[in-house]
Amino acid sequence: MNRRDILRRTAAAGLLATPAAGLLAGCATSGGGDDKGDAGTYKGTKSEQNPLGVKEDAPLEVVIFNGGFGEEYAKAHEAMYKEKYPKAEIKHSATQEINKTLQPRFVDGTPPDVVNNSGAGQIDPNGLVSQNALADLGELLAAPSLDQPGKSVKDTLLPGAVDVGSYDGKFLVMNYTYTVYGIWYSTKLFAERNWQYAKTWDEHIALCKQIKAAGIAPWTYAGQHPRYMSWPLISTAIKFGGPSVATAIDNLEPNAWKSDAMKAAADAWYQIVKDKYILDGSPGLDHKQSQTAWCQGKAAFISCGSWLESEQKDVTPAGFNMTVAPTPSLGSGDKLPFEAIRGTAGEPFIVPAKAKNVAGGLEYLRVMLSKKGAQDFTKKVASLTVVAGTTEGVELPFGLSTVVKALEASGSNGFNWVYNNYYRKLERNLVDAACGEFFSGRSTPAEFLDQCQKGADSIAQDSSIKKYKRAA
Amino acid sequence: MRHGRYPLIVSFLLPPLVLYGVFVLSPYLQAFQISTTDWLGYSAQADPVGMANFRTLLHDGYVWNALKNNAILLALVPVLTIALGLFFATMLTMGGRKGRAGVSGVRGTSIYRLVYFFPQVLSVVIIALLWKEIYHPNSGLLNGTLRALGLPAPTWLGDPRFAFWCVLAVMVWSNVGFYVVLFGAAMQAIPRDIYEAVMLDGASRAVMLRKITIPLLWDTVQVAWIYLAIAALDGFILVQLMTNGGPNFSSDVIGMRMYDTAFGSETKFGYASAIGVVMFFLTLSVAVLALRAARRDRIEYS
């Protein structure tokens with residue numbers, strides 16, 4: 001049953017049988033029409049040159065999130081598309097508020113053809129998926145790569161790139177960048193003080209003691225977004241107990257947060273809280289403030305993803321040389337080696353199901369995933385893409401080059417979790433709040449895991465949230 | 001004259017009424033309708049679920065927690081703001097010692113009046129960011145001062161014991177200036193001879209404030225009360241920018257819940273509208289109650 005029916009019924013019931021009903025029908029949820037069919041969409045004929053069936057003169061509309069990466073890279077991709085389809089008119093726009101800008105257009109059934117759904121104003125992916133608002137990108141994966149002959153697009157991608165954007169086996173969200181999550185430190189600071197990054201937890205604690213004795217806080221974190229600290233903690237647990245720890249959490253299995261591995265990890269991390277190895281005042285800092293304190297040498301370690309280097313570009317002193325490292329191993333019993341690091345695809349791009357030019361949207365993503373497109377992106381914004389082997393011959397900034405090395409060392413031991421994509425609220429609100437209590441010393445490891453588990457249970461019990469299963 | 005009147009009235013009234021209807025009334029009505037659906041916001045699909053959203057709301061601990069905070073704001077923000085506003089306004093209009101027989105403000109009144117009004121000129125967003133830096137646990141003005149005095153320096157916005165009160169303080173700070181000017185202007189309208197008469201009778205300043213000024217300002221205070229009560233039920237902008245409701249939901253307010261449900265961590269527009277409807281009725285009842293409670297006879301100067 002759709003909106004029109006509701007209106008008709010309520011109007012019939014005499015509730016809205018006033019002139020206001022006319023106004024109502026013209027607004028908010030009334031747009032679109034659910035059975036529009038294929039009329040008004042652009043389709044070309046498929047051929048070897050045109051595997052996705054792009055209509056060459058069909059206009060294409062691209063909306064970019066204007067955040068850390070800017071919009072210049074997208075303009076370059078659009079130019080590449082235009083080169084291939086000179087008759088196509090490309091409409092480009094960039095915004096920081098993806099959800100508020102595009103929500104009416106999704107409801108109206110006239111969304112753009114490609115959306116870079118990212119940033120704080122990201123549309124909850126679960127919301128889009130559960131409302132069937134996204135086009136299946138499977139066809140794109142099967143299509144041949146634009147400039148790597150003999151390979152399909154899927155063959156050119158790094159491991160894990162498809163998993164992250166898949167919901168119940170359907171590839172719906174193309175995450176373009178490859179992000180590594182780890183612990184960051186300044187090579188310069190460590191060289192000056194003659195410190196060595198510790199590979200085991202006991203050594204890490206010993207090092208923290210040494211750092212604190214030198215008058216520097218060993219750790220700081222984004223107290224207002226404490227979920228940043230959930231990343232190394234969950235990573236420690238996964239390295240200790242194996243990837244099944246993550247699968248259980250992603251699948252909302254009962255007591256997944258209270259597994260032995262999670263308990264061991266929480267107990268270990270509690271040490272840095274108990275021994276006051278965290279910069280005073282960290283709970284009151286936001287991510288920028290804490291990262292800046294770290295860049296100023298007030299703290300030695302910080303947990304972040306590989307966007308850190310470009311985010312901190314303006315305040316990082318010359319020669320700081322930030323390096324990413326995996327979380328220390330708990331002990332010799334760890335299922336994954338020390339080198340294993342969390343790598344995952346980020347920066348989501350979607351093609352709305354109701355876009356006029358779905359084929360063009362898919363083709364635009366194929367341009368982005370070409371070797372040329374990916375290399376251009378890495379050069380412009382100093383970030384890796386999900387396309388394998390595109391860093392050859394590109395000069396990388398220091399931090400990013402350590403990311404590449406960490407990824408190589410991690411190899412097939414790399415791991416990831418996706419509960420944050422499936423259930424945005426669980427990470428952003430519930431686990432976030434629990435981390436805030438835990439890392440400021442107000443809750444014990446057991447209470448912390450309890451609070452996370454309660455959050456996960458509340459999502460599991462909420463019948464209005466669609467659930468997804470991650471393949472083991 | 002009569003002939004031309006109706007077309008004139010209609011042509012002046014109609015456009016604003018139509019605009020009001022389209023942009024204010026119709027969204028309100030729609031919010032009521034949407035609150036009875038499970039609309040998820042990104043398709044035209046919205047199934048009616050009756051009162052289910054409101055039933056969920058009754059058992060939603062996060063909403064109750066936010067409402068509790070709004071109740072505290074409602075109890076404290078108007079009282080503190082009006083008390084401070086009255087105090088400063090009195091000092092500015094009749095606090096001066098010079099010439100005990102006359103009624104004048106403290107020295108530098110015009111400067112104070114200007115300074116008090118500053119926060120009103122700044123946008124709320126600027127105020128929030130400004131105070132976020134003042135509360136900065138390490139390099140903030142507040143902790144810098146506390147450390148210089150040898151006092152302990154808490155993490156303010158990072159501590160659930162303080163975060164909410166920090167926001168409350170900013171809310172009062174940013175509102176006081178406006179009411180100083182408002183009360184000040186109203187005090188100017190009180191005839192001087194009344195004060196001179198009670199002064200001759202030997203009334204102290206406190207008695208003057210309690211027995212003369214406040215009764216004569218009652219209408220203005222009442223208006224202030226309603227405005228501040230409505231502002232206290234909101235508080236969204238400051239909370240969102242300063243703490244985002246945290247840590248651990250300790251500074252959450254109902255507007256924040258609504259925003260987060262629709263645009264933040266979820267896209268439950270139906271449920272968010274239900275929260276909005278509850279907020280609407282709360283605000284309405286608070287305004288009505290405030291009007292009722294403060295009703296008194298109007299005093300007219302002759």
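**View 1. Burial and overall build of chain B.** Of the 302 residues of chain B, 38% count as buried. A residue is buried if 20 or more other C-beta atoms lie within 10 Å of its own, exposed if 12 or fewer, and partly exposed in between, with C-beta atoms placed from the backbone. This is a predicted model, in which local features need pLDDT of at least 70 and side-chain atom pairs count only at pLDDT 80 or more, while totals for chains, interfaces and linings use all residues. Residues are numbered from 1 along each chain as its sequence is written, and chains are lettered from A and ligands numbered from 1 in the order in which they are written. Chain B holds twelve helices and zero strands. Helices (H or I, at least four residues) and strands (E, at least two) are DSSP runs, numbered from the N terminus. Along the sequence, the pattern of chain B reads α-α-α-α-α-α-α-α-α-α-α-α. The C-alpha trace of chain B spans about 75 × 75 × 30 Å along its principal axes. Take the contacts in chain B between residues at least 6 apart in sequence: 67% of them join residues at least 24 apart. Two residues are in contact if their C-beta atoms, placed from the backbone, lie within 7 Å.

View 2. An unreviewed UniProt entry lists residues 71-93, 114-131, 162-182, 216-239 and 269-291 of chain B as "transmembrane region". UniProt positions are given in the numbering used here, feature names are shortened, and annotations may be inferred rather than shown by experiment. Residues 114-131 of chain B are 89% helix and 0% strand, and their end C-alpha atoms lie 20 Å apart. Residues 162-182 of chain B are 95% helix and 0% strand, with end C-alpha atoms 31 Å apart.

**View 3. Where chain B touches chain A.** Here 36 residues of chain B are in contact with 43 residues of chain A. Helix 1 (residues 2-34) of chain B supplies the largest share of the chain B side, six residues. The chain B side divides into 16 nonpolar, 15 polar and five charged residues. Ala, Val, Leu, Ile, Met, Phe, Trp, Tyr, Cys and Pro count as nonpolar, Asp, Glu, Lys and Arg as charged, and the others, Gly among them, as polar.

**View 4. Helix 9 against helix 12 in chain B.** The axes of helix 9 (residues 205-232) and helix 12 (residues 269-293) of chain B come within 9 Å and cross at roughly 160°. Axes are lines fitted to C-alpha atoms, for helices over the stretch in contact, and angles run from 0 to 180 degrees between N-to-C directions. Helix 9 and helix 12 of chain B are therefore roughly antiparallel. Angles under 35 degrees count as roughly parallel, over 145 as roughly antiparallel, 65 to 115 as roughly perpendicular and the rest as oblique. From helix 9 of chain B come B:Trp225, B:Ile226, B:Ala229 and B:Ile230; they meet B:Thr283, B:Val286, B:Ala287, B:Ala290 and B:Leu291 in helix 12 of chain B. By class, this contact has eight nonpolar, one polar and no charged residues.

**View 5. The loop between helix 10 and helix 11 of chain B.** B:Pro247 lies in this loop, between helix 10 (236-242) and helix 11 (254-264) of chain B. The peptide bond from B:Gly246 to B:Pro247 is cis, with omega near -10°. B:Asn248 sits in the loop between helix 10 and helix 11 of chain B. B:Asn248 is not a glycine, yet has a positive phi of about 50°. With 21 other C-beta atoms within 10 Å, B:Asn248 is buried.

**View 6. Helix 12 of chain A and its partner.** Helix 12 (260-274) of chain A packs against helix 20 (residues 445-461) of chain A at an angle of about 130°, with axes 9 Å apart. That makes helix 12 of chain A oblique to helix 20 of chain A. A:Met262, A:Lys263, A:Ala266, A:Asp267 and A:Tyr270 in helix 12 of chain A meet A:Pro445, A:Phe448 and A:Leu449 in helix 20 of chain A. The contact has six nonpolar, no polar and two charged residues.

**View 7. Two loop residues of chain A.** A:Asn255 lies in the loop between helix 11 (244-250) and helix 12 of chain A. A:Asn255 has a positive phi of about 60° although it is not a glycine. A:Asn255 counts as exposed, with 12 C-beta neighbours inside 10 Å. A:Ile278 lies in the loop between helix 12 and helix 13 (287-295) of chain A. A:Ile278 is buried, with 23 other C-beta atoms within 10 Å. Not counting residues up to four places away in sequence, A:Ile278 touches A:Ala217, A:Trp219, A:Thr220, A:Tyr221, A:Ile272, A:Val273 and A:Phe439.
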